[in-house]
Amino acid sequence: MAGITGIGGIFLNFAGEKDMLHEWYHKTLGLDMTDYGTGFLEGKQMLLVSFKRDSEDAPIINFRVDDLEAFSNKLKKLGVDVKQIDEYEYGKFMQFVDPFGNLIELWEPYEEVYLKMVKQEIEGYLKKTSDKEAEE
């Protein structure tokens, strides 16, 4: 059915150096971190919140969809200029700009692959953090 099923990600530009931001949010708020930020993976919830991107672009919201190609066709019929669909091992992505100039991203996740990848990234972050603490 080509519909939005949730928010996939929110990409924000926070002040501060990325590693220091991640360390503070991990230690202070207990958030599981990856190199991309934090996420919420309970039940059907799969949300990435990125605190610091490599660019100074405006914030981006990423909506999860159940059928990206059908949703893309729906947008095209409404006159929206959609970008090409890019596919990765963990899902398909497509971007477009709304009439106000805001970049919007759509994501059809491959849930099992994505969840496995994020869990590995969290484990890697925790190992990197514990290795750093052991050096100090």
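A: Glu69 forms a salt bridge with Lys92, the closest N and O atoms being 3.5 Å apart; the term denotes a side-chain nitrogen of Lys or Arg within 4 Å of a carboxyl oxygen of Asp or Glu. Because Glu69 lies in helix H2 (residues 68-77) and Lys92 in strand E7 (residues 91-97), the pair ties together parts that are 23 residues apart in sequence. Helices (H or I, at least four residues) and strands (E, at least two) are DSSP runs numbered from the N terminus. Glu69 is partly exposed at a relative accessible area of 45%, whereas Lys92, at 14%, counts as buried. Buried means under 20% relative accessible area, exposed over 50%, and partly exposed in between, with a 1.4 Å probe and protein chains only.

The model is predicted: local features need pLDDT of at least 70 and side-chain atom pairs count only at pLDDT 80 or more, while totals for chains, interfaces and linings use all residues. Residues are numbered from 1 along each chain as its sequence is written, and side-chain values use heavy atoms, with hydrogens and water left out.

The structure holds 2 salt bridges. Besides the pair already described, Glu23 forms one with Lys27, with 3.2 Å between the closest N and O atoms. Glu23 and Lys27 are 4 residues apart in helix H1 (residues 18-29), so about one helical turn separates them. Glu23 is partly exposed, at 25% relative accessibility, and Lys27 is also partly exposed, at 48%.

For the setting of these pairs, the protein chain comes to 3 helices and 8 strands, and 36% of its 136 residues are buried.
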